[in-house]
Amino acid sequence: MEKPIIEVKGIGKKYNINHGRGRYIALRDVLANITKHPFSFLKSKTKQVVGLEKKEEFWALKDISFTVDQGEVIGIIGPNGAGKSTLLKILSQITPPTTGEIILRGRVGSLLEVGTGFHPELTGRENVFLNGAILGMKRHEIARKFDEIVEFAGIEKFLDTPVKYYSSGMYVRLAFSVAAHMEPDILIVDEVLAVGDAEFQKKCLGKMEEVTKKQGRTILFVSHNMTAIKQLCKKTILLEKGEVRQIGKTNQVIDSYLGSARLGQKIITPNTQSDIFKIQKVEFKNDSNQPWFLHFKENLKIETIISSKREVENFKLGIGIDGIGGERICTTHSHSISLKKGDTVFDIDIKNALNPGMYSLSIGALNLFYSPEITMFEVGHSGKLEEYNQYNYGIINIDAIFKIVPDGKITL
């Protein structure tokens, strides 16, 4: 039986966090402190030398184990700070693990930070050869792929111009093109679809598919774009707090990441300032059969039940939507109403102006309660290029209609 091309056995990565003064200290202050308190200074330096200064241990990864067979495309997902990039750096042999071992049976190519190794004073042509060499390509390999690299990047007219004069988009296109045309046995990729404009992102995704399906390469792919993960990967690893939470079929792992108790399928108790309010239910009412998923431009329809132990005048129900990195995308709220004691059912219809990607939903009422990130959901797309031309960028104003059920007569 053929051995796996990647074996990860009990990998752990520890960092030491020193807790000292963060402010700048001038040389004159150091000299004055030595003069005034010589014994304290010597005591402090002695602790540093023998390793007794105050430190905090942080394990970015803990006991990670998995195998990857030749030709597999593995997705790696998880929230920010889960350890995804640390794992890829260890597999790329950029940083060593603290515990455990990895076995790589093939040449590794990494695309962890687009543009690493570019020299601003060199031309695009010169940087293709320089960057290719840094990424592990032989000169004859770069020469053979040169025309394809330039054509993919779309910078033919500026090939002999120093890259310091390139726009950020041109710089990114050339950097990705060099990395995408490498021919390693194992390709490790960290969130490349987050760079460039929408049309180039689609081009990147197409190139990734070509590498995986036609050329049979083994790929580890980290992304917050669940649509891209579903499209490229049959198997996915879910990381949380530095540990493997789940390994399995991509759809099942993504559903676990987006779903379970976080997606309103159980009673949710929000972080409140009192015991008066409780969110009993949050549920999608979209036409899609997939839980907590809607298509690009499809409106977001939510039913939520708010339970109150007393009547409340001037009640405003608010909805907030955040990006995967925690940035607030938009906020909308109802007009003032008189909230009755007991359960009140709200039907909320939000005009969707969100780009494809992952988002979190928060619910609250001003000065009464706030429940952050009670659920995550995904906006997907069909992959048609014309959709990319309709994308929105920056902060979005979203229109919403709030209706109270059961009578349906009050429209807010």
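Gln 93 sits in the loop between helix H3 (84–91) and strand E4 (99–104). The model is a predicted one. The phi angle of Gln 93 is near 65°, a positive value in a residue other than glycine. Gln 93 is exposed, with a relative accessible area of 59%. Lys 241 also has a positive phi, near 55°, and is likewise a residue other than glycine. The loop that holds Lys 241 runs between strand E8 (235–240) and strand E9 (243–249). Lys 241 has a relative accessible area of 71% and is exposed.

The largest nonpolar core has 46 residues. Within this core, Ile 77, Leu 174, Phe 221 and Tyr 257 touch the most other members. Several elements give two or more residues to the core. The strands in this group are E3 (73–77), E6 (186–190) and E7 (218–222). The helices are H5, H6, H7 (198–214), H8 (226–232) and H9 (250–258). Helix H6 gives the most, with seven residues. Another core, of 32 residues, lies apart from the largest one. Among the residues of this other core are Phe 284, Phe 346, Leu 368 and Phe 369.

Salt bridges were then considered. The structure holds ten of them. One joins Lys 14 to Glu 57, with a distance of 3.3 Å from N to O. Lys 14 belongs to strand E1 and Glu 57 to strand E2 (residues 55–68), so this pair ties together parts that are 43 residues apart in sequence. Lys 14 is partly exposed, at 26% relative accessibility. A further bridge links Glu 283 with Lys 281, where the closest N and O atoms are 2.9 Å apart. Glu 283 is partly exposed at 30% relative accessibility. Lys 281 is partly exposed too, with a relative accessible area of 25%. Salt bridges that share partners also join Glu 7, Lys 9 and Arg 105 into one network. In the bridge between Glu 7 and Lys 9, the closest N and O atoms are 3.8 Å apart. Glu 7 counts as buried, because its relative accessibility is 15% and buried means under 20%. Lys 9, at 37%, counts as partly exposed.

Ile 17 lies in strand E1 (residues 6–18). With a relative accessible area of 33%, Ile 17 is partly exposed. Glu 156 falls in the loop between helix H5 (139–153) and helix H6 (168–180). Glu 156 has a relative accessible area of 46% and is partly exposed.

Methods:
Residues are numbered from 1 along each chain as its sequence is written. This is a predicted model: local features need pLDDT of at least 70, side-chain atom pairs count only at pLDDT 80 or more; totals for chains, interfaces and linings use all residues. Side-chain values use heavy atoms; hydrogens and water are left out. Helices (H or I, at least four residues) and strands (E, at least two) are DSSP runs, numbered from the N terminus. Buried means under 20% relative accessible area, exposed over 50%, partly exposed in between (1.4 Å probe, protein chains only). A nonpolar core is a set of buried Ala, Val, Leu, Ile, Met, Phe, Trp, Tyr and Cys residues joined through side-chain atoms within 4.5 Å. A salt bridge is a side-chain nitrogen of Lys or Arg within 4 Å of a carboxyl oxygen of Asp or Glu.
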